[in-house]
Amino acid sequence: MCGIVGYIGHRDAYPIILNGLKRLEYRGYDSAGVALYDGTGIQMAKTKGKVADLEAKVNAEITPNGSLGIGHTRWATHGVPNDINSHPHYSNSGDLVIIHNGIIENYGSIKKELINRGYTFKSDTDTEVLVNLIEEIKKKEKVKLGKAVQIALNNVVGAYAIAVFDRNKPDEIVVAKLGSPLAIGIGENEFFVASDATPFIEFTNNAIYLEDEEMAIIRLKKGVKVRKIKDDSLVDPYIQELKLNIEQIEKGGYDHFMLKEIYEQPEVIKDTYRGRLLAKQGIIKMAGLEENMSKFVNANRIIIIACGTSWHAGLVAEYIFEEWARIPVEVEYASEFRYRNPIITDKDVVIAISQSGETADTLAAIKLAKQKGALVYGVCNVVGSTISRETHSGSYTHAGPEIGVASTKAFTTQITVLTMIALRLADVKGTMSKSDYMMHLRELEMIPDLVAAALKSEDKIKEIAKIFKDASNFLYLGRGYNFPVALEGALKLKEISYIHAEGYPAAEMKHGPIALIDEQMPVVVIAVNSNHYEKVVSNIEEIKARKGKIIAVVTEGDTVVKELADYVMEVPATPESLSPLVTTIPLQLLSYHIAVMLDKNVDQPRNLAKSVTVE
């Protein structure tokens, strides 16, 4: 969950590392630090707080020189966020310095053994244990740094992405990966290390993504040598050309990345189906799906595994796949699925959904499903991510970088991909009439325009946010395709405003939650035109009878709910099966504006990180 950056080359390292940390701050922002080799020794600065606090500390305490350095922005696991627990960490001799993303599970027993050998520890972190283990092996075995790292990592249990260097050999950085992402940027006589490619995209578009249980020794004059950690065998690395650009990772005039990403949805949904959806010809072309069509068509069931917002997208897909393609679907939390000893066969298809492509629980579930013989199909956003490599096949969402911790465009682009898969399967299986199929293709092609229209209600939504920003609790209700949207709307509000919110199927109100309703309780109801419309109207009337405050998402031109609700947010009409792509927009804006009015850090909410790469 932390962000790591490193540089070795001919430039001044500090500006590169600092800017890289700012770009990776979405991965962790409770502390930050930097270590630089200035030609004679290591300069280090680290602090609790954000990268801006680190920058102030560097300016006050050190002169940041040198063309070798590493930096870190932390999401705390072992040890509370404070200056001492911040990375980087020295070894006892002061020769080695390390940054680390992940968790070393057996650090306690290793620490006891090192204490018995005379080592002392300043922090509570597992990372300081690891760097001293590397030092002990290097000294005892009389080996070079790379070999010491390899031996050490064969003796630890857990997940890691690390970068370590030795002040006595300042032409070298050693990096390694297991369960946490790590990219190496390849420039001309310079190399970059980072958790993803954003810190170095303006310097090079060539990168190596390490696989699990691989390490690399990066030498300034000799280049990059990649080895397997287990057996020390050499690996011929694949150098990937990056498609990222600077404009994609800047705010572009918006106050927050989250608002920018909300407003990008019309364009990124179009990017997601561009070249795949040919509505006039009645064609959906998805190479990964076509290669595995027989597996999908003949599947006993589809199991969708995901976490958080991606899980909500999977719930929408459950409705779509079952209605259109008539394939049974189960949607599982990856974190529970991996520990449940689930029944999986080679007749099952597992769809793994993740924005980052690095979610630890989803990766573990993928490995389990592959062991059981299922076809595993990935839906993710980040090209070259671990999930894109671990799955048998898959589809990218093409949403572009999502920097805001609370997912927005990831959700709608995931639903777009899953919708196209379901439509293609329905066409191949003949479970949807040709006229319905063609209608849905045309309607899906129109979704970007409908999302753009929904965004025009922002000023009205801002007024509603102003009225309810001080509420202590919210309920979100939906039925059918829009029940998952209610869950997602509640999650967005919780994530960025810290207001307690819960999503429910509207019919479940009578089975408990209605006891919470009083005049202080705002209830957000998704009440667009659907097969459940009259039922939702009845649910609204039940809430009104108990003096609850109704905020309704309605179809433009609605009159019935408009009369009942205290406030309405209108969206354009679309078929019920595609409505989640539109109804989620006002809920994103509502949560955003409430959080802004409460002066919360919208892009970096407390205790959260963008990519959950540890359990």
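## Backbone geometry

The model is predicted. Y498 is partly exposed, with a relative accessible area of 25%. Although Y498 is not a glycine, its phi is positive, at about 65°. The residue sits in the loop that links α17 (483–497) to β24 (500–505).

E213 also has a positive phi, near 65°, and is a residue other than glycine. Its place is the loop between β11 (206–209) and β12 (214–219). E213 is partly exposed, its relative accessible area being 30%. A further backbone feature concerns the peptide bond from H87 to P88, which is cis, with omega near 5°. P88 belongs to the loop between β4 (68–74) and β5 (89–90).

## The enclosed helix α5

The buried residues are L145, G146, A148, V149, Q150, A152 and L153.

The elements over the buried residues of α5 include the strands β6 (96–104), β7 (158–166), β8 (172–178), β12 and β13 (223–228), together with helix α4 (126–141).

## Packing of α10 against α14

Helix α10 (residues 308–325) packs on helix α14 (residues 409–429) at an angle of about 20°, with the two axes 9 Å apart. An angle under 35 degrees counts as roughly parallel, and α10 is therefore roughly parallel to α14. The crossing of α10 past α14 is right-handed.

On the α10 side, the contact is made by T309, S310, H312, A313, V316, A317, I320, F321, W324 and A325. On the α14 side, the residues are F411, Q414, I415, L418, T419, I421, A422, L423, L425, A426 and K429. By class, this contact of α10 with α14 has 15 nonpolar, 5 polar and 1 charged residues. As a general point, an α-helix has 3.6 residues a turn, so residues three or four places apart point the same way.

The contact is made by T419, M420, L423 and D427 of α14, and by K434, Y437, H440, L441 and L444 of α15. Its composition by class is 5 nonpolar, 2 polar and 2 charged residues. T419 and L423 of α14 take part in this contact and also in the contact with α10.

A further partner of α15 is helix α7. The axes of α7 (residues 265–273) and α15 (residues 434–455) come within 8 Å and cross at roughly 170°. The two helices are therefore roughly antiparallel to each other. From α7 the contact draws on Q265, P266, I269, K270 and Y273, and from α15 on L444, E445, I447, P448, V451, A452 and L455. By class, the contact of α7 with α15 has 9 nonpolar, 1 polar and 2 charged residues. L444 of α15 contributes to this contact as well as to the contact with α14.

## The nonpolar cores

The largest nonpolar core has 90 residues, of which F296, F321, I351, F474 and Y476 touch the most other members. Helix α14 supplies the largest share of this core, 10 residues. Another core, of 31 residues, lies apart from the largest one and has Y14, L21, A32 and A183 among its members.

One of the residues named for the largest core, F321, also belongs to the α10 side of the contact with α14. For Y476, residues up to four places away in sequence being left out, the contacts are A486, G489, A490, L493, A501, E502, G503, Y504, V524, L587 and L590.

## The setting of K111

K111 lies in helix α3 (residues 107–116). Not counting residues up to four places away in sequence, K111 touches F121, S123 and V129. K111 and K544 are separated by 433 residues in sequence and by 60 Å in space, C-alpha to C-alpha.

Conventions. Residues are numbered from 1 along each chain as its sequence is written. This is a predicted model: local features need pLDDT of at least 70, side-chain atom pairs count only at pLDDT 80 or more; totals for chains, interfaces and linings use all residues. Side-chain values use heavy atoms; hydrogens and water are left out. Helices (H or I, at least four residues) and strands (E, at least two) are DSSP runs, numbered from the N terminus. Buried means under 20% relative accessible area, exposed over 50%, partly exposed in between (1.4 Å probe, protein chains only). Contact means heavy atoms within 4.5 Å. Axes are lines fitted to C-alpha atoms, for helices over the stretch in contact, and angles run from 0 to 180 degrees between N-to-C directions. Angles under 35 degrees count as roughly parallel, over 145 as roughly antiparallel, 65 to 115 as roughly perpendicular and the rest as oblique. A crossing is left-handed if the near helix is turned anticlockwise from the far one by less than a right angle, and right-handed if clockwise. Ala, Val, Leu, Ile, Met, Phe, Trp, Tyr, Cys and Pro count as nonpolar, Asp, Glu, Lys and Arg as charged, and the others, Gly among them, as polar. A nonpolar core is a set of buried Ala, Val, Leu, Ile, Met, Phe, Trp, Tyr and Cys residues joined through side-chain atoms within 4.5 Å.
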